[in-house]
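Open the model in your viewer and keep the selection tool at hand.

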Amino acid sequence: MDKNNKYQSALKVQTAIPQPPSVNPNISKRFLLTNDILDLDTYVDGILSGNRVVLSKAITLIESHLPSHRETAQKIIECCLSHTGNSIRIGITGVPGAGKSTFIESFGTFLTAKNKNVAVLAIDPSSQRTKGSILGDKTRMEDLANDAKAFIRPSPSAGSLGGVAQKTRESMMLCEAAGFDVVIVETVGVGQSETAVHAMVDFFLLLMIAGAGDELQGIKRGIMEMADALMINKADGENLKRAQQAQAEYRSALHIFPKPESGWTPQVGIMSALEKTGIEETWNMILNYVAETTKNGYFHHRRNMQNQAILTETIKDNLLSNFFNNKTVKEKLKCYETQIQEGKINPYTAAYRLLKNTDDTDDTNFHR
């Protein structure tokens, strides 16, 4: 540029700063193709060697509703089953705002510091309108998400009861096969039936907060009867006394419940996930539960019950999938939906005919 030009600009173009790669350069490129389906041996070998990328891709395949993915997903599970069963399965639920994510992060980092491999299957609520989900647990558990000994997998609930994704059981199995010592299942929150998560874990932890109000009493009873422990979170600062009072009240309330089949007396404790107090006590409580129920045989019995639940849920899942993916059913379903909207048939008759796979129009057992 001419130095004598009085109109020359003072702006100067600087050399751009090179940006870091968006993915870990140490990861093999063949695992970065998000739409690429790997072969069975690659999935199984990757999972058993603890490869997080392959594990994530396998879980994505399992969660897929595409019929073409179901056979491969089933083979992956069958190949990994003999390597499962060695973890402690912990279910965590609680009222909204109880601090589940904060607790899991504090609890998880405590365990990884003890050289434990921790997997977190965090279930996010799905929109009933768009079917979408935020899947923001990795941002809420930033420290744990960056921990080399931890694996966080957020999954949409997809309308499943109890805030548990339909494929959570299978995901848990794959995490165990990948060598995780502790598998944590975080539910959406109290409000729906939590029987689903209770049936798939060894230890069921209910997080509560002091001063929640009597408006929650209606949902507490059923959950409290299933809980192996109640931990009152946010017991810090001015809230400490309220938490201690709530602890005494919950202990009294548990005395009126029937004695659990496990022979274990449900514990009530206080903690502060934010200040990381009560975390070690919670872990010791879980270890004591495992030791006691292993000794009296209930732990093995509970695992057998979990396997029976897998049998039932797998049958239901496959029946529903096969039914709605049936070409004839798809065609007739659209036809019946139109007839229902036009008032030509009632939904009960339509459902009956679909299940019977018949076009009988003279059925007089149903009336609008």
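Show the surface first: the protein exposes about 21,100 Å², with carbon and sulfur atoms supplying 52% of that area (Shrake-Rupley method, 1.4 Å probe; for residues, only the protein chains shown count as cover). This is a predicted model, where local features need pLDDT of at least 70 and side-chain atom pairs count only at pLDDT 80 or more, while totals for chains, interfaces and linings use all residues. Residues are numbered from 1 along each chain as its sequence is written, and side-chain values use heavy atoms, leaving out hydrogens and water.

Switch to cartoon. The protein has 14 helices and seven strands (DSSP runs numbered from the N terminus: helices are H or I, at least four residues; strands are E, at least two). Of the 368 residues, 43% are buried (under 20% relative accessible area; 1.4 Å probe, protein chains only).

Now the rings. The whole structure holds six aromatic pairs (ring centres within 6.5 Å, using the six-membered ring of Trp; edge-to-face means planes over 60 degrees apart).

Select Phe203 and Tyr289. They pair edge-to-face, 5.1 Å centre to centre, with 80° between the planes. Phe203 sits in strand E5 (residues 203-209) and Tyr289 in helix H11 (residues 279-296), 86 residues apart. Both Phe203 and Tyr289 are buried.

Trp264 lies in the loop between helix H10 (240-254) and strand E7 (267-270), and Tyr289 in helix H11, so the pair ties together parts 25 residues apart in sequence. Trp264 is buried too.

Last stop: select Phe103, Phe107 and Trp283, which form one aromatic cluster.

Key: Rings of Phe, Tyr and Trp (its six-membered ring) pair if their centres lie within 6.5 Å; planes under 30 degrees apart count as stacked, over 60 as edge-to-face and the rest as tilted. Buried means under 20% relative accessible area, exposed over 50%, partly exposed in between (1.4 Å probe, protein chains only).
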